[in-house]
Amino acid sequence: QVQLVESGGGSVQAGGSLGLSCATSALIYASSCMAWFRQVPGKEREGVAAIDTGGNRPIYAESEAGRFTISADNAKNTVYLQMNNLKFEDTAMYYCASTRNPYGSSCDLGRARAYALWGQGTQVTVSS
């Protein structure tokens with residue numbers, strides 16, 4: 001059973017924008033860190049952005065700050081990633097991930113293994 005459902009990937013030219021969505025259940029969404037990671041073949045999965053759904057506090061990887069925006073809709077149990085000014089090097093499979101965060105700690109973008117649940121991934125392709 002898929003517990004994190006991603007949507008919104010696709011192809012875009014450099015400089016363009018794409019939005020990703022990750023929908024889940026209320027049980028998974030509540031008091032959790034919801035994050036977006038990305039991966040290209042042959043490389044490790046890297047964190048892009050995360051948000052603590054309890055406190056609505058976003059964090060970003062340094063390279064994406066200012067271009068990407070993560071947001072959360074508590075009513076829909078959905079997290080979004082808006083990606084602007086996309087670059088060729090943003091091309092990757094993007095994964096939504098979730099882990100429990102009952103104490104409202106800062107979300108961890110540095111370790112993919114910190115996240116217990118993963119979506120199936122959605123491809124983002126940026127052409128130069």
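Predicted model: local features only at pLDDT ≥ 70, side-chain atom pairs only at ≥ 80, totals over all residues.
Student: Okay, which strands pair with E11?
Tutor: Strand E2 (residues 10–13) runs parallel to E11 with four bridges, and strand E9 (residues 92–100) runs antiparallel to E11 with three bridges. Strands (E, at least two residues) and helices (H or I, at least four) are DSSP runs numbered from the N terminus, and two strands pair if DSSP finds at least two bridges between them.

Student: And which residue of E11 is the bridge partner of Gly-10?
Tutor: That is Val-124, which also stands opposite Ala-92.

Student: New topic: which residues have the most contacts inside the largest nonpolar core?
Tutor: Trp-36, Leu-81, Met-83 and Tyr-94, in a core of 23 residues. A nonpolar core here is a set of buried Ala, Val, Leu, Ile, Met, Phe, Trp, Tyr and Cys residues joined through side-chain atoms within 4.5 Å. Buried means under 20% relative accessible area, exposed over 50%, and partly exposed in between (1.4 Å probe, protein chains only).

Student: Now the charges: how many salt bridges are there?
Tutor: Five, counting a side-chain nitrogen of Lys or Arg within 4 Å of a carboxyl oxygen of Asp or Glu.

Student: Which partners does Arg-38 have?
Tutor: Arg-38 forms salt bridges with Glu-46, closest N and O atoms 2.6 Å apart, and with Asp-90, at 2.9 Å. Arg-38 lies in strand E4 and Asp-90 in the loop between E8 and E9, so this pair ties together parts 52 residues apart in sequence.

Student: Is Asp-90 buried or exposed?
Tutor: Buried, at 1% relative accessibility. Asp-90 also forms a salt bridge with Arg-67, the closest N and O atoms being 2.7 Å apart.

Student: What do the shared partners join into one network?
Tutor: Arg-38, Glu-46, Arg-67 and Asp-90. Within that group, Glu-46 is partly exposed, with a relative accessible area of 39%.

Technical notes: Residues numbered from 1 in each chain as written. Heavy atoms only, no water.
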